[in-house]
Amino acid sequence: MFTWMYPMPSWLSFVIIAGAFVLVTCLGVAITRPAVHKIFGKQPGMNEMVSMVLTVGGVFYGLLLGLTAAATYQAYDSAGAVVSDEAAAIGTLYREVSAYPEPQRGVLRADLVDYTDNVINVAWPALQKGQEPMGGTALVTRFQQHMLDFQPQTESDKIVHAAVITQFAQFDQVRRHRINASAGGIPEVLWVVIVIGAAVNIALMCLFCFAHRAAHLILAGLFAFFLATMIYLIAAMDYPFRGHLSISPEPFQTMYTNVMGH
């Protein structure tokens, strides 16, 4: 629902979301204020009734926002851990294939260098734009084929080859986890519930009867700003690999420089 915000700078998307919430809320207060005062203004305890409804509904809505934000952050943090694990697995695999004799050593190391370069310069920019990265699977398949083509002749070669196959399986598993994490996101039905809940809470703010319009606008605007902040936080972390707040490829870059020497 909020995928339009990812190509924008984070500050700009926040200003748009927060500004829209505050503007709509203040316009709602200004437009409905005469009718609310006319219909409910003479009822004693009207503000207390609205406050009770807002408190009860706000508890459930706040719980929904809190749980959603916690789940989104957990998914974001897990995706970052998977990226670090994949980079570490590639680094370990690069060191292990260095024990192969030539020419297999050079071929396999070159395959891993090409894959890492593809992740940093091709896959990551595509993920940040919400596109499907190309080339990574073909490079992994090429490495696997070159690895399986090697026929160990000595006992030490057999030990090294078995260790490389085991490490490759671990790398491929972590890579799949990273690909699956990039396709995540909150279900649309949950976004609909969140937006409807925000609209209901804003509507309840419009039902308060204040003697001074400025006080009503300030309180409603602050309430709308808080809602917008929470919703922006959830939206910004919804897809961990998209937008300016996305997960960095720094683990790959560090490994690419320190381990592979590029």
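Here is a short walk through the structure, one selection at a time.

Before you click, note that this is a predicted model, where local features need pLDDT of at least 70, side-chain atom pairs count only at pLDDT 80 or more, and totals for chains, interfaces and linings use all residues. Residues are numbered from 1 along each chain as its sequence is written, and side-chain values use heavy atoms, with hydrogens and water left out.

**Stop one: the core.** Select Leu-93, Val-97, Trp-124, Phe-143, Phe-171, Phe-252 and Met-260, which touch the most other members of the largest nonpolar core, a group of 33 residues. A nonpolar core here is a set of buried Ala, Val, Leu, Ile, Met, Phe, Trp, Tyr and Cys residues joined through side-chain atoms within 4.5 Å. Buried means under 20% relative accessible area, exposed over 50%, and partly exposed in between, with a 1.4 Å probe and protein chains only. Now colour α2 (46-97), α3 (104-128), α4 (136-149), α5 (155-182) and α8 (250-258), the elements that each give two or more residues to this core. Helices (H or I, at least four residues) and strands (E, at least two) are DSSP runs, numbered from the N terminus. The biggest giver is α2, with 9 residues.

Zoom in on Met-260: not counting residues up to four places away in sequence, Met-260 touches Ile-90, Tyr-94, Leu-112, Val-113, Thr-116 and Met-255. Contact means heavy atoms within 4.5 Å. For a second, separate core of 24 residues, pick Met-5, Ile-202, Leu-227 and Tyr-232, which are among its members.

**Stop two: helix α4.** Highlight Gly-136, Leu-139, Val-140, Phe-143 and Met-147, which are buried. Why do the buried residues of α4 line one face of the helix? Seen down the axis, they fall within an arc of 100°, taken from the directions from the helix axis to the C-beta atoms. Bring back α2, α3 and α5, which are among what covers those buried residues.

Go to Pro-103, in the loop between α2 and α3. The peptide bond from Glu-102 to Pro-103 is cis, with omega near 5°.

**Stop four: Val-160.** You'll find Val-160 in helix α5. Leaving aside neighbours within four places in sequence, Val-160 is in contact with Glu-96, Ala-99 and Tyr-100. Val-160 and Glu-96 are 64 residues apart in sequence, yet 7.2 Å apart in space, C-alpha to C-alpha.

**Last stop: Arg-33.** Select Arg-33 in helix α1 (residues 10-40). Is Arg-33 buried or exposed? Arg-33 is buried, with a relative accessible area of 10%. Beyond its neighbours within four places in sequence, Arg-33 is in contact with Gly-28, Phe-210, Ala-211, His-212, Arg-213 and His-216.
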